[in-house]
Amino acid sequence: MRGWLLAALIVGAAASVYNFGDALRDSAPNGRGAEAVYDLLSFIEGPRLSMDEPTKDFFAYVEKSIGDFDFGKFYGNKYLRPLAGGYKGVVLQGTRGTAAYNVRLSMSDVECMEPNGLGNFIAEFGLKKTAGRSYLGRVKAKAGTAALSHNNVTALATGLMKVVSPENMKAIQAFKGRDTRHIPEEALQVIHEFYKAFPRFANIFKKYVYIYHSTLKRDSAGGQEFTRSTVRAFFRMDEITRDFPALSDYIKEVRGFFRLHAVARNRQGHILADFLLEAKEDFLSLAVLTKDGKLIPYDAKGAPVFAEAVALNALTDYAFDVSADLDVDVYGLKFDTPDIRVACRFRDAPKSGTFEARLSAPPRTTVSGKLAGVAPPWLLSLAIPSDIASQVNAFTDVLYRANSGEGTYLRVFFDTTHPDDVVMRLNAGTEFADNFFLGFALAVLSHRLHISDGVVNEALMFFHRAASALRDDVDTYRPARAKPGGK
């Protein structure tokens with residue numbers, strides 16, 4: 001009798017578990033999420049990149065000019081051509097081919113071309129000199145994304161939140177097999193389920209990234225259960241050093257270079273998500289509250305606000321704000337920029353989706369410390385002015401007031417009129433002050449973050465290996481295809 005009862009409980013638990021495979025399938029209508037993600041990963045794993053000589057020359061010029069930047073000189077370079085609205089710039093076009101993915105400088109007009117098919121794109125990068133010492137900058141781009149759109153992102157996020165809902169976590173715990181009885185904690189059990197769902201990807205991911213300090217635990221307030229989730233990720237430096245020595249050296253080189261702490265809040269001031277990214281071995285942290293596939297805002301004390309729950313896959317018009325603290329350490333010279341504020345808005349309509357972000361306040365930066373003895377000669381040779389903080393703030397004031405008060409903005413638009421042939425449009429605009437700080441920042445980024453060919457090759461090797469493994473895992477969730485000669 002006990003055996004039958006245990007069997008019944010196991011079968012019941014299995015039937016009630018919503019797993020990572022379900023979240024993957026539900027990321028597209030009619031359970032076709034696995035096919036959509038498989039197509040994307042196949043594109044990533046596709047043919048090599050190919051550029052003609054003029055395009056290679058342009059990228060070589062950009063790389064060479066950034067390290068010793070002169071905006072006036074760059075604005076007059078031979079590669080820029082006249083664009084609409086008095087701008088000068090370049091247009092790049094990318095096209096999928098059978099032997100290679102081709103990227104070329106183009107004479108086409110972005111507005112007159114619609115890229116069809118996953119991965120094809122056309123993008124315009126333009127600059128315009130103002131009457132003063134600044135330049136307007138804009139990016140206009142279109143890309144074919146096949147059946148992928150904003151809807152897939154919100155659907156997948158909803159599915160992942162369902163996996164960690166309180167009732168589903170109970171079911172996962174109840175469905176432990178003999179091989180997982182040694183994993184009592186809810187977080188470890190959920191991680192284990194993820195690794196079981198994507199075993200090939202897991203073998204690569206968990207070798208180089210450690211996430212077992214993550215916490216997922218059921219909690220309750222006001223008689224309602226919810227889940228507190230904090231995902232933390234660490235590099236396994238010993239393994240990276242052993243397999244990717246150049247990449248390991250690069251990670252160690254940029255250690256401590258920056259720290260970005262961002263908090264997303266709804267318009268009532270309650271926290272939607274808390275995100276930390278920094279140049280350290282423990283490089284990422286994300287904290288959220290969820291319940292039944294919904295994001296639950298919470299107050300400063302961590303108490304959930306259930307009345308403001310967000311169902312991502314049901315949003316039609318939602319505004320929120322992001323505030324970020326950015327700390328950068330340039331060989332002992334520290335730049336601290338607290339409370340960078342960005343206003344965001346997401347809108348979904350029957351045949352379109354839009355995400356907008358706009359700098360909503362001028363950031364204020366303080367500068368402290370001094371260049372340490374480890375600073376390289378190229379940096380020591382720069383005549384850093386004593387008023388560098390005012391130079392930074394003058395630069396960011398221009399970013400805030402850009403485009404005659406329109407401000408610095410990013411707008412991403414998905415045209416889903418044809419669900420299997422979606423076009424993504426991107427528009428961004430800003431204004432750059434041509435002062436010392438701009439050249440200084442570009443020089444630091446160019447030298448401090450310069451990626452050698454060895455690092456690039458190892459990073460690509462890891463990325464393609466992981467993408468290939470994930471594609472093979474995702475393939476197991478695709479609907480069975482008819483065999484040749486069969487039905």
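Rings of Phe, Tyr and Trp (its six-membered ring) pair when their centres lie within 6.5 Å. Keep in mind that what you're looking at is a predicted model. By that rule, the count here is 24 aromatic pairs.

Start by selecting Tyr61 and Tyr79. Their ring centres are 5.6 Å apart, and the planes sit at 40°, so this pair is tilted. Colour by secondary structure and you'll find Tyr61 in helix α4 (residues 53–67), while Tyr79 is in the loop between α5 (71–75) and β2 (81–82); the pair therefore ties together parts 18 residues apart in sequence.

Next, pick Phe244 and Phe462. Here the centres are 6.1 Å apart and the planes are at 80°, which makes the pair edge-to-face because that angle is over 60 degrees. Phe244 belongs to the loop between α10 (237–243) and α11 (245–253), and Phe462 to helix α15 (residues 453–475), so this contact ties together parts 218 residues apart in sequence. Phe244 is buried, at 2% relative accessibility, whereas Phe462 is partly exposed at 25%.

Now for a group selection: Phe20, Phe194, Tyr195, Phe198, Phe201, Phe205, Tyr210, Tyr212, Phe234 and Tyr477. Ring pairs link these residues into a cluster.

Last stop, charges over rings. Select Lys88 with Tyr75: the charged end of Lys88 sits over the Tyr75 ring, 4.6 Å from its centre. Then go to Lys129, whose charged end sits over the ring of Tyr135, 5.4 Å from the ring centre.

Terms used:
Residues are numbered from 1 along each chain as its sequence is written. This is a predicted model: local features need pLDDT of at least 70, side-chain atom pairs count only at pLDDT 80 or more; totals for chains, interfaces and linings use all residues. Side-chain values use heavy atoms; hydrogens and water are left out. Rings of Phe, Tyr and Trp (its six-membered ring) pair if their centres lie within 6.5 Å; planes under 30 degrees apart count as stacked, over 60 as edge-to-face and the rest as tilted. Helices (H or I, at least four residues) and strands (E, at least two) are DSSP runs, numbered from the N terminus. Buried means under 20% relative accessible area, exposed over 50%, partly exposed in between (1.4 Å probe, protein chains only). A charge sits over a ring if NZ of Lys or CZ of Arg is within 6 Å of the ring centre and within 35 degrees of the ring normal.
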